[in-house]
Amino acid sequence: KNIRLITLLPGDFDDDIVILISHAALRASDEQPVAARMTLEEVAATLPRYWQVEEAWDGRYIFSNYTPTWVHPDKTTWVHPDDSFHHSRYQKPARITRPEYEALSYTWSSNEFSQKVYVWMDTQDTTASALPPSFAEQFKGGVPPCHTYLRMTRNLEIAMRNLRNRASKRILWVDGICINQSDTDDKNKQVPRMGDIFRRAQRVVAWLGPDEKNSGHALKALEYLGKQVVYTRRYAIIGAPEATEPQWYQRETELPYNGEIWMAIVHLLSRQWFYRQWIVQEVQLSEDAILCCGQSSINWTYFRYALTSLRDRKYIPPSISRGRLVVNGLCDPYHMNLPVSVKLFGLWRPGCDDPRDRVYSLLGLFPSKLRVKIRPNYDKSHTAVQVYKETFLAHTYHFQRLELLTRCCLSKLKVVENKPSWVPDLSYIPVGSAFFYDLAAGFSRCWTKISSDSSDIFTVAGIQCATVKTIGSPLPAVEREDGALLAIRELAAKELAANTGQYVTGEPFKHAFAKTLCLNLLRERFPETTNYPYLKTWLRQESAYAFFDNNGTGHVVGDKGGPSSHEYILMNLLNKRRYVTTEEGYIGIGPPDVEEGEWYLGSRSILPRPSPPEDTGFLFVGPCSVYGIDDANGLLGPLPKPWRVQAFRDGSGLTCVYKFFNPNTDVLADEDPRLPPLDGNKWERVPRGERTGDDPATFQRFRNKLTGEVINYDPRMDRDALESRGVPIRDFNLV
């Protein structure tokens, strides 16, 4: 139960690096218990009129005062507006941890361990905290008389020289030294503990590299911006109480950045650290983190606030990628209870030498009940495909959902040998993978089986909803914005000219096409997401980046501000995907490998292909979105008019709380109007409550009155219940 720690002894920059290696217990009991604070709802109930309270990304509660006629707060403060309300009831409790150490997050840059670090051997007490202050002075500036040495990478050597104090010791956990990288057994034992190591560190120190290309100026500018704004868990941006630039939180405000500052920020965000897979859990699990670049540093919270604020600006230089500004999701608010499928999608980084680490590097972010089912195994005979298969099966059985199937892509079978089509290849990001919002299976669970862990046949239950009739060409990669936009416009012109009547849902075809093209990411469906347009606005296409109706300029490069955040999101989601039509008259967006004659299944938005020659199984092609068969329409039929589905954020920040809205009566309900009443003798609906780490992306809660069991799916959508209503569910063997 011990971990290794190093004591980095003081010295000047060019002195030899000398450390002491010690051991310390890392147990849950080492973390001091802290008093629970009031919930947001409890604090909100105590506020005077016109005051609101929200949770900032760093966990603090922030209070805002609004006048009745103004959408922006007049005042923000970290202190309850009632002076008699004691701060201990709502402030974030202080955290006391033992042992005391900092955890280093860095990139190896090279697997060559070429640099020496000297290990002091002449001590009687190997507890780092027991070293007397004068101990270091015995050998400052030279090699200790009794020593051995270890090898480390060049980048780690540079980091330790920059982080070393000149007159005092520094206790660190560093993976390149504290884990024996040449011992497979030690790696198998220590890697599962890395989540706890970074979570319980006093502070995480992220080393970005030496000061170069004006990185110090970039950090200074970002720190100043980060101190002006605060982001809350519901993605609202407000002015910081201590702000000296009170207008900077507004997205319309243009910042006084010249080209030199913008380029310094771009160069800073190009450093390898931001793209290393392991750094995700290292920084996301930390209670306190700083980013260091040479002798400059910035608090992680200010860094995230600043970059997210830049991404959300109405105007940014057209040469700046909005995705790059938040380092491809790294700066987004992290919540421990986010679904594992979302973590695997959104926290993927390109820098990962061992493909098995696509899973192992994120284990600290998994719920404990799932984490214990996935044990790291670095034996050479244990392949990445085996790791991905184990992860998929463990995830599916734990959450009772098929969320990881959206990571599968048939074309990857050509480069990954001996991999079943239903096993996701987690070594890459599939194009347009974020199809979370169609609610295709409603509030049902999946029905699956596999004969054994060694079997490559995975049986799933579903229904055939539609058959693909025609497919379009793959849309160009989003990196080529001109090409992507022109391809979308050509598709729109062709489809809208050929279809001037009604869609199969009864609405104008143009409305259905517009919703399909934006994957229904509209305010009518997502009322809280203010950067999504309403359908009326989306149909007007009043943008230089218009997708249809020829309202756009035809060219992207050089247009002020670049695409809107909504347009940028859509170009990413449509990236390399294909427009499809079905025999039944539906239209949708399909995966790159879709072919005519393939089936769309209503239990999940997937397309299986019969596998030749015996046709006894199906190859999983990929996820798709078909307008008119979403929202469980394939299982339950269309919603009665005028009901529609709306999606809201939960406490984790994920937009996946689905409700049913009737605009005529203004009723917003949890109950699906297509389902019969619950069997009151057996089942009762219970409040959804806060998301836990063991919840899938989409769920509701129901309690069995007879057994007390609480389930996270609607019992009226269990397989037996659906079949009793005549839904033609069948089994599909995926191979």
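Trainee: What is the relative accessible area of R685?

Mentor: Happy to start there! This is a predicted model, where local features need pLDDT of at least 70 and side-chain atom pairs count only at pLDDT 80 or more, while totals for chains, interfaces and linings use all residues. Residues are numbered from 1 along each chain as its sequence is written, and side-chain values use heavy atoms, leaving out hydrogens and water. With buried meaning under 20% relative accessible area, exposed over 50% and partly exposed in between (1.4 Å probe, protein chains only), R685 counts as partly exposed, at 27%.

Trainee: Which residue meets R685 in a salt bridge at 2.6 Å?

Mentor: A salt bridge needs a side-chain nitrogen of Lys or Arg within 4 Å of a carboxyl oxygen of Asp or Glu. The R685 pair has an N to O distance of 2.6 Å, and the partner is E671.

Trainee: Where does E671 lie?

Mentor: The pair links distant parts of the chain, 14 residues apart, with R685 in strand β27 (residues 683-686). Strands (E, at least two residues) and helices (H or I, at least four) are DSSP runs, numbered from the N terminus. E671 sits in the loop between β26 (667-669) and β27.

Trainee: Is E157 buried or exposed?

Mentor: E157 bridges to R154, with the closest N and O atoms 2.2 Å apart. R154 is partly exposed at 47%, whereas E157, at 6% relative accessibility, is buried.
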